[in-house]
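Look at the model below and keep it in view while reading.

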Amino acid sequence: MAAPRRRQVELRTMTTLGVGGPAELWEVASEAELREATQAPYRVIGAGSNLLVADRGIGERVIKLGPEYQDLALFTGQIDLWLGAATPLPGLVRRSAEAGLSGLEGLLGVPAVLGGAVAMNAGTRFGCMADVVQEVELFVAGELHRLPASALAMRYRHTELPQGAIITRVRLRLTPSTTERVKALLDQVDAARQGQPKVKSAGCAFKNPPSDSAGRLIDQAGLKGLTVGRAMVSLEHGNFIVNLGGATARDVCTLLSIIRRRVPGLELEWQLWGFEEGECAAA
Ligand SMILES: Cc1cc2nc3c(=O)[nH]c(=O)nc-3n(C[C@H](O)[C@H](O)[C@H](O)COP(=O)(O)OP(=O)(O)OC[C@H]3O[C@@H](n4cnc5c(N)ncnc54)[C@H](O)[C@@H]3O)c2cc1C
């Protein structure tokens, strides 16, 4: 019987920020392999685009869904369909635009896979995953279950999943439109993203406070360009921390702590892996 593919990795090579130490990666291809991989403490990684991982790495197994969970090829313009959770979101956004289907435009430029995008309820002011997710298939406590989106309490950058649940498949429902209309909205989303840095980052570090923007507050506090080691508050967008090349988690945590002291009340959007309670980004 096939077994999960296992190897030692440096998580800096698996995160868009390019920070993070060693872990054991378990790449799974099936339900049986998920069952084997979840026999010891684990975490699940998608595209690694919302993660800050400690320099010392993490002791838990890191589970990644293999190509068996990538279903971009299955998407040929259906409005209602199940897709594997490792399906890359950018490809899906592009393909649905080509098919004249609406619903995913607000996700343009989010470098996630489907499972990670649902887990975070990724989105922008133009729309989020909650608008299109109908149902999820979850691997939890050794079994696959299906839950309707209404059971996930999806809200701003938050989805409520059962403890330890791994999203394996997602049912989306798109809305028939025209390629021209979808592309017009994509152009708007693209224009709104123009102020964002193109170098290594993990997207917005903090959630926006109600009716304000974390980036604007950080900018107003004069923190753009603040540099610790090889990490910097982006000059283009105050809520992005960029890796200038060779940044450590310690550099990034120091920046996060300074920002939180200078702009009280900000809540982290990033997921922190491998830190002790209060070790990173204490205000
Ligand atoms: C350049 C850039 C731009 C970005 N722009 C945006 C934006 O506009 N809007 C936005 O919302 N975000 C944005 N982000 C952040 C990020 O892309 C999103 O948070 C995204 O949803 C993370 O998906 P991922 O697949 O990379 O998940 P990861 O970063 O790998 O994981 C994030 C969390 O999801 C969990 N998770 C991942 N896969 C699964 C699964 N299969 N089952 C259960 N849990 C899972 C992980 O355990 C972790 O807790 C941006 C990031 C970058 C680098």
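The shell around the ligand is made up of 16 nonpolar, 13 polar and two charged residues. In this sorting, Ala, Val, Leu, Ile, Met, Phe, Trp, Tyr, Cys and Pro count as nonpolar, Asp, Glu, Lys and Arg as charged, and the others, Gly among them, as polar. This is a predicted model, in which local features need pLDDT of at least 70 and side-chain atom pairs count only at pLDDT 80 or more, while totals for chains, interfaces and linings use all residues. Residues are numbered from 1 along each chain as its sequence is written.

Which residues come nearest to the ligand? Of the 31 residues around the ligand, they are Gly-46, Ala-112, Gly-115, Gly-116 and Gly-203. A residue counts as near a molecule or strand if its C-beta atom, placed from the backbone, lies within 6 Å of it. Two or more residues of the shell come from each of strand 3 (42-45), helix 3 (114-120), strand 8 (123-124) and strand 12 (166-173). Helices (H or I, at least four residues) and strands (E, at least two) are DSSP runs, numbered from the N terminus. Helix 3 gives the largest share of the shell, five residues.

The ligand shell also draws at least three residues from each of domain 1 (5-67) and domain 2 (70-192). These bounds come from an automatic or database domain assignment. The C-alpha centres of domain 1 and domain 2 lie 22 Å apart. Across the boundary, 13 residues of domain 1 are in contact with 15 residues of domain 2, where contact is defined by C-beta atoms, placed from the backbone, that lie within 7 Å. On the side of domain 1 that touches domain 2, helix 1 (31-37) and strand 5 (61-65) are the elements that give two or more residues.

Next come the backbone angles. Most residues other than glycine have a negative phi, and most peptide bonds are trans. Asn-121, in the loop between helix 3 and strand 8, has a positive phi near 45 degrees. Is Asn-121 buried or exposed? Asn-121 is buried because 20 other C-beta atoms lie within 10 Å. The cut-offs are 20 or more other C-beta atoms within 10 Å for buried, 12 or fewer for exposed, and in between for partly exposed, with C-beta atoms placed from the backbone. Arg-157 also has a positive phi, about 50 degrees, and lies in the loop between strand 11 and strand 12. With 16 other C-beta atoms within 10 Å, Arg-157 is partly exposed.

Strand 10 (residues 133-140) and strand 11 run antiparallel and are joined by six bridges; two strands pair if DSSP finds at least two bridges between them. Why does strand 11 (residues 143-148) lie largely in the open? Of its six residues, the number buried is zero, so strand 11 lies largely in the open.

The last stop is Arg-173, found in strand 12. Arg-173 is partly exposed, with 16 other C-beta atoms within 10 Å. Not counting residues up to four places away in sequence, Arg-173 touches Ile-79, Asp-80, Val-132 and Gln-134.

Definitions and conventions: Contact = placed C-beta atoms within 7 Å.
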